[in-house]
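These are my notebook entries from a first look around.

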Amino acid sequence: MRNRVHLRAALLSAVSALALAAAPVMAQEGVDETDETTAAVPLKPLIVTASPIASPIDELAAPVDIVTRDEILSSSATTLGGLLGDLPGVSQSSFAAGASRPIIRGLDNTRVRMQENGIGAADVSAVSEDHGVPIDPLSAERVEVVRGPATLRYGSEAIGGVVNVINNRIPKAIPAGGFSAEAGASYDSVSDGVQAHGQADAAAGNVVFHIDSFARNTDNYRVPGTPDRQSETWTETSGIAGGASIILGNGEYDGYAGGSISYYDSKYGIPDPGNPLNPVHIDMHQTKVQLGSELDFTSGFISGLKLAGGYSDYSHGEVDAAGIVGSRFDNEEWEGRAEFLHRAIGPFTGAFGVQAHRREIVASGEGGELLAPSETESAAAFLFEEMPLAGEVLKLQMAGRIEHVDVSGRALDASVPLAPTDYAVSRSFTPGSVSAGLVFTPAPDWVFGFTAQHVERAPDALELFSKGPHEATETFEIGDPTLDKEKALSFELNARRTGDDYSFEAAIFHTSFSDFIYKRLTGEICDDTYDTCTPHGAGTELDQVLFTQEDATFRGFETKGSVTLMRWGNARAGLTGQFDMVRAELDAGGNVPRIPPMRAGAGVFYAGEEVSARFGFLHAFEQDRISANETETGSYTDLKGEIRYLLPASMAGGQKVELALVGENLLDADIRNHSSFKKANVLEPGRNVRFVVTARF
């Protein structure tokens, strides 16, 4: 079965090659490359991704982490969790090679919103840790991790933060010269993994077309210290997307309007050493349509308008060794949003908007035993405003959001333990959230921020209506249809300094949760039905998990920085460092489960025009602050290195061709992720040497 990916890779590569060959012709037909007014530079973003107002990202009250395209291509990560997991304050669920969600400051799943160009991922990855996010790192131009007041424009499920994947599938501007393209390939020694990608943008008059494709094939990866491989850690992923935009402008407004369609296909193994003779893998598919437009108006009260919408048809099956689908999840979802930037009202400038969302999950087979069909509908309005308090030195940023959420499904009635039934439930919630932040810029390159937030979140369908076995996580999950809204009061103080000589970020935060929802291990054991659960039954297979509400407190600190020590012309070299920690305790006593350990790291770097390199480590300390029925996790040190070389133009035919050699887990250390349900049985990959080639035209 896995060999079929080579055919898909060849097909996708052919599509990319065709696009690259055809695009210059399209550009020549519609764009005179000698006409500098036609071959325009990209439009200045109308709405900064992390903020709906015109403030630069580094002038927000809370910091934004950005992973660049070069960093994405250097990483061997097959998931967004793997890509972001080493950032300060960010870790990963690390359930399978093809399924790992980011965890932000100890918060995961329904508290971390995954999105693409501002529209939700439209998947079921928050339902279970074995479900992947159908957004591949290879499709991203950059990835942003957003915290603080700016998250309120996206939804209450962003209470922990937002991971926003940005790509150019809906082109925003005419590329310089009317055409741009990128192609690349890589190889990973630890998994014999190969991947290839290609993308192109081409203009015909004021219409810009985009196409991209990618394919990846990895085998079971090698574990540290032996030539053995970790079973069922293979992946097969491919995707293709196309889009087009009309670049608009008549003197009174400028902007674009367009759309895209994409198809994503992923297959990956689920590690299960306890049952090696009947391995299970995920077979996932998603078709997604997105529409988007941004307009910048030269006059009038409304200075800008941003429209975005998306529809997704998603499904995945959990397939055993005989090809039988044991569980199937289908998710049909749409989302639409509109944001209006306004000019000054007295001292205030900012934006307001509306958002609507509908989702239907249908599970069948064993998945239907876990979750009956459920529907979620929501409508929201949000506001983000900024006013100066002392010119440009001190600013006040405020945000608010009100939404209405309806959730319906079927819940477990366990009042008669030996004969449980389920019944229909419909719940309505009206979460309201507000935030305020101060931004202090006493000198160029320096920013200090303070934020305070009160955020409310409606319970998710899984938290309300779970009612059965979940074989992949080896748990029997029971929701609570009477759950209340989750509320959080959060404070954060941060400082940031940017510059080539030295830069750093530091943040300290404290969050008090009221009615915090979490998965509590009850200590009981079940088989596949509730009547088998101990103590009234004699279950032996699955740990019983109950969605529970308790007050909890999260607090932590995170920092990163770099300093340049030496310079040679345009080249420089220096040191980097980072540290993060989070403590999460239940107010009634005990720790919140699966909280990432404290980490510290340091490294050296060299940055030149043709050659750049970095070398460093990240050490995770022992995690012994555990909850009931958890086990401690040992420490580890992950040593990494990278060297990049930009070929001289004479060697690359006038194009930009870059080679990269990357080493990961160079000490071949035993790495176990405390946040993973599979930590006891599944080691992270051993030593890996990665070779990457990227060409840009």
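**Entry 1: a glycine to start with**

Between which two strands does the loop with Gly-654 lie? I found Gly-654 in the loop between β30 (636-646) and β31 (656-664). Strands here are DSSP runs of E with at least two residues, and helices are runs of H or I with at least four, numbered from the N terminus. Before going on, I noted that this is a predicted model, where local features need pLDDT of at least 70 and side-chain atom pairs count only at pLDDT 80 or more, while totals for chains, interfaces and linings use all residues. Residues are numbered from 1 along each chain as its sequence is written, and side-chain values use heavy atoms, with hydrogens and water left out.

Is Gly-654 buried or exposed? Gly-654 counts as exposed, because its relative accessibility is 55%. The cut-offs are under 20% relative accessible area for buried, over 50% for exposed and partly exposed in between (1.4 Å probe, protein chains only). I also looked up Gln-230: it is 424 residues from Gly-654 in sequence and 43 Å away in space, C-alpha to C-alpha.

**Entry 2: the disulfide**

I counted 1 disulfide, taking the term as a pair of cysteine sulfur atoms within 2.5 Å. Cys-526 and Cys-533 form it, with 1.9 Å between their sulfur atoms. Their link is right-handed, with 110° about the S-S bond. Cys-526 counts as buried because its relative accessibility is 0%, and Cys-533 counts as buried at 0% too.

**Entry 3: salt bridges**

How many salt bridges does the structure hold? My tally is 49, each being a side-chain nitrogen of Lys or Arg within 4 Å of a carboxyl oxygen of Asp or Glu.

One of my picks joins the side chains of Arg-169 and Glu-116 at 3.1 Å, N to O. Arg-169 sits in the loop between β7 (161-166) and β8 (179-188) and Glu-116 in strand β4 (residues 112-116), so this pair ties together parts 53 residues apart in sequence. Arg-169 and Glu-116 are both buried.

Next I looked at Asp-188 and Arg-690, whose closest N and O atoms are 2.5 Å apart in a salt bridge. Asp-188 lies in strand β8 and Arg-690 in strand β32 (residues 688-696), so the pair ties together parts 502 residues apart in sequence. Asp-188 and Arg-690 are buried as well.

Glu-392 and Lys-395 form another salt bridge, at 3.1 Å between the closest N and O atoms. Glu-392 counts as exposed at 59% relative accessibility, whereas Lys-395 counts as buried at 9%.
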